[in-house]
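Open the model in your viewer and keep the selection panel at hand. This tour goes stop by stop.

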Amino acid sequence: MIKVENLSYTMGDSTILKNISLTIPKGGITALVGPNGAGKSTLFSHMARLEMIQQGQISIDGMDIRHTPNQEMARRIAILRQDNRVASRITVEKMLMFGRYPYHQGKPKQEDIDIVELTLAQFQLEALRDRFITELSGGQRQRVMVAMVFCQSTDYLLLDEPLNNLDMYHSRQLMQQLRYIADTYHKTIVVVLHDVNYASAYADYIIGMKAGEVAMQGVPQDLLTEENLFDLFGVRAPVVDVNERKMVMHYL
């Protein structure tokens with residue numbers, strides 16, 4: 001599990017995170033939701049060790065992330081950032097092999113090759129394997145980056161807004177893929193999402209953030225009420241049941 005204790009973060013005169021304490025259960029999908037500027041990506045960056053901890057502590061399976069060697073952390077957590085641009089001319093297949101680097105250290109073995117082949121098939125990327133990343137559309141590139149994270153074979157996958165640049169078909173396909181990965185490979189997936197309906201449809205647990213604090217947390221069926229959504233987003237919207245899931249009709 002990921003345990004965050006008394007985490008605070010300031011930037012200049014602005015307080016971005018305010019004394020956050022929470023526990024993300026091991027296994028399944030946990031979604032971070034909330035309005036723009038709520039602190040979701042900043043909290044994500046701290047858990048991913050992309051931002052230095054100013055105050056507080058974060059541990060993963062009991063290991064303090066500040067004192068765990070990079071090599072060990074690379075075998076524990078895999079990360080997809082919002083800013084995932086790739087400037088170099090590298091093929092899709094080689095990009096996925098890059099996800100195996102913590103294991104092969106530049107000398108791929110048969111196991112690494114097999115995992116890349118499995119991932120190409122699982123993410124329906126076989127037809128793109130020899131294409132350069134710079135030649136792909138934004139949606140294709142996003143799928144490749146998520147596949148690379150999966151190739152890292154870690155217990156924890158941290159994904160910051162993975163649905164960016166994806167159309168309706170590929171957004172649903174990716175969330176279904178994440179659900180399959182969590183259930184089949186017993187992974188713990190922490191994902192920052194803007195659309196609460198995707199969180200409700202696919203997440204086991206939701207953490208709602210507002211103004212740098214954890215405003216609410218719980219299972220989707222309990223958390224997604226009209227009152228909670230108004231408190232979190234300031235929007236009045238009906239919540240309806242669809243296939244035993246709560247869906248928010250905020251489009252009307």
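Select K40, T42, L43, F44, S45, H46 and M47 in α1: these residues are buried. The model is a predicted one. Now extend the selection to the whole of helix α1, residues 40–47. The helix is mostly covered, with seven of its eight residues buried. Step past the end of α1 to R49, which follows the helix. Check its backbone: phi is positive there, near 65 degrees.

Count the elements: ten helices and twelve strands. The radius of gyration is 18 Å, close to the 18 Å that the globule rule gives for 252 residues, so the protein is as compact as a globular protein of that length. Along the principal axes, the C-alpha trace spans about 50 × 40 × 35 Å. Of the 252 residues, 49% count as buried.

The accessible area of the protein comes to about 12,300 Å², and carbon and sulfur atoms hold 50% of that. Take the contacts between residues at least 6 apart in sequence: 63% of them join residues at least 24 apart.

Back to the surface. Select L118, Y180 and Y185, which form a nonpolar patch. L118 sits in helix α5, residues 110–122.

D195 lies in the loop between β8 (188–192) and α8 (196–202). With a relative accessible area of 23%, D195 is partly exposed. Its side chain reaches the backbone nitrogen of N197 at 2.8 Å. Show the residues around D195: leaving out those up to four places away in sequence, it touches H250 and Y251.

Last stop: K246, in strand β12, residues 245–248. Which side chain does K246 meet in a polar contact of 3.4 Å? The partner is D241. Now display the other contacts of K246. Beyond neighbours within four places in sequence, K246 is in contact with residues including N197, S200, P220 and Q221. L224, V239 and V240 are also among them, as is D241. Note N197 in this set: its backbone nitrogen is the atom that the D195 side chain reaches.

Key. Residues are numbered from 1 along each chain as its sequence is written. This is a predicted model: local features need pLDDT of at least 70, side-chain atom pairs count only at pLDDT 80 or more; totals for chains, interfaces and linings use all residues. Side-chain values use heavy atoms; hydrogens and water are left out. Helices (H or I, at least four residues) and strands (E, at least two) are DSSP runs, numbered from the N terminus. A polar contact is a pair of N or O atoms within 3.5 Å; within protein, one must be able to donate a hydrogen and the other to accept it, and residues adjacent in sequence count only if both atoms are side-chain atoms. Contact means heavy atoms within 4.5 Å. Patches are made of residues with over 30% relative accessible area and no salt bridge: like charges are joined within 9 Å, nonpolar side chains (Val, Leu, Ile, Met, Phe, Trp, Tyr) within 5 Å. Accessible areas come from the Shrake-Rupley method with a 1.4 Å probe; for residues, only the protein chains shown count as cover. A salt bridge is a side-chain nitrogen of Lys or Arg within 4 Å of a carboxyl oxygen of Asp or Glu. Buried means under 20% relative accessible area, exposed over 50%, partly exposed in between (1.4 Å probe, protein chains only). The radius of gyration is taken over C-alpha atoms; the globule rule is 2.2 Å times the number of residues to the power 0.38.
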